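Here are my notes on the model, point by point. Please read them with the structure open.

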Amino acid sequence: MNRCLELASKGLESVSPNPMVGSVIVYQGEIIGEGYHIKYGTEHAEVKAIASVKDKSLLKDSTLYVNLEPCAHFGKTPPCSNLIIEHKIPKVVIGCGDSFSDVNGKGIIKMEKAGIKVSVGVLEKESRELNKRFFTFHEKKRPYIILKWAESKDGFIAPKNQTAPFWMTSSDSKKLVHQFRTEEDAILVGRITAEKDNPSLTVREIEGENPTRIVIDKDLKLSKKLNLFNNEAKTIIFNTLQTKEIDSNYYVKVDFNNLIESVLQELYKQNIQSLIIEGGAKTLQSFIDKKLWDEARIFTTNTTLVEGVKAPTLDGEITSEEEIEGDNLSYYKAFSSVEQIWKDFVSENNQYHKLKTPESFFFCDNKKDADECAELVFNRIKQATAGSLWSYKKDNIDFPKKGDLFIVTDWEGNAKAIIETTNIKQLPFNQVTPEFAKTEGEGDKSLTYWKKVHWDFYSREMAGYGEKPSEDMIIICEYFKIIYV
């Protein structure tokens, strides 16, 4: 799987909006074929790996490794799961599932129905990290957001009364910034940065594709002579006056009363999966304050400005640092909502500070029900949940124990509450009581309603494995108390 990830990473600058995928085929402990997705619209990794095997007769006794679930739909290319089945590959090992709605488990189910042994979750964390842009886009319905700025050692990003373009990092740092640009779909600045720095926001220091340029210009005050409006790359201008296309410039009218969300919604519509925000301070801070960022890359220089425009402030975790020709580059990761709720909880309840962040989960198997259940917990109405013994055994999951803590999220992973298990019971489906159904959040709805909803759920869950629920199937009834929202 490590080799799959190594291969996949080679597609960083060329496969978007597709994910980066690498695949390896192993026969009797030796790699006999490998491949990766090279460019959007071309063959997928599994296709390349299978094609690279010289003796196709070995495939029926081989194992295929791939860092992302094979697709099950027709897009630019046919489904990879069909090709795996066609070549009778008996075992497939997958790094992580694909949350894109056209896939999302369908490839796994299709292969299992064909008799293929499928294993999921090998280097899962690393597999998701590699495709963080892809997963953020499909799960949060917005681009993966990277904040980038340079600041003086006394904490300013620009001098007072700036009258000309200003740069304080080294030439090597500048080259790295241009490398960053080749790796992302788009780059955004505010109006003041566009005016004072007159940036091109293109890739010039190295070889690579230009990102889509984005500027926020509410009343369209910017001069059309600025570098942003040349035809070297596409430019999107968010404003309040017009939606119009002029050469490579695309004017898009958005709601400035809800600016950040409106911009991200529009970028999602345009299939832009990743975004660098380069300034200025007000624009950067607005994304930080909305908690709409995923990563920050901050250059700290040896320059002293004494006074000027203060650098933005953020609350995140430093993941790494490096020195670049006298500059210090710090990489930050935003706290996820799960990490943030646990951080807030521990700050108020110090007795838990030695515990690691609890596991998180959402209820149900669809967005509507999962979000409704999460809100019931948030409002302290739902205080029990039911799962099937079949599901626990299938996924090899340990039963929760009294005192276990969990974080409840909505469908998109937004934390809603921290809960503590208070009791666990096992009983047949036909012996679930009205009292339990009410505790699970059904309120005054009948037990008949509870049974129908859960029967339908278990039917969907088991159908992919050729099984059906029964009246005497064992249900795991977990009671909990809500300790933090």
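Is the crossing of helix 14 and helix 15 left-handed or right-handed? The crossing is left-handed; here the near helix is turned anticlockwise from the far one by less than a right angle, whereas clockwise would be right-handed.

This is a predicted model, where local features need pLDDT of at least 70, side-chain atom pairs count only at pLDDT 80 or more, and totals for chains, interfaces and linings use all residues. Residues are numbered from 1 along each chain as its sequence is written, and side-chain values use heavy atoms, with hydrogens and water left out.

1. Helix 14 and helix 15. Helices are DSSP runs of H or I, at least four residues, and strands are runs of E, at least two, numbered from the N terminus. On the helix 14 side, Pro-434, Phe-436, Ala-437, Glu-440 and Glu-442 take part; they meet Leu-447, Tyr-449, Trp-450 and His-454 of helix 15. Contact means heavy atoms within 4.5 Å. The contact residues divide into six nonpolar, one polar and two charged. Nonpolar covers Ala, Val, Leu, Ile, Met, Phe, Trp, Tyr, Cys and Pro; charged covers Asp, Glu, Lys and Arg; the others, Gly among them, are polar.

2. Helix 6. Seven of the nine residues in helix 6 (132–140) are buried. Buried means under 20% relative accessible area, exposed over 50%, partly exposed in between (1.4 Å probe, protein chains only). Among the buried ones are Lys-132, Arg-133 and His-138. Lys-141 follows the helix and has a positive phi, near 60 degrees.

3. Thr-63. This residue is in strand 3 (63–68). Thr-63 counts as buried because its relative accessible area is 16%. Beyond neighbours within four places in sequence, Thr-63 contacts Val-24, Ile-25, Val-26, Lys-91 and Val-93.

4. Gln-162. Look in the loop between strand 7 and helix 7. Gln-162 is buried because its relative accessibility is 12%. Leaving out residues up to four places away in sequence, Gln-162 touches Lys-196 and Asp-197. Gln-162 and Leu-228 are 66 residues apart in sequence and 19 Å apart in space, C-alpha to C-alpha.
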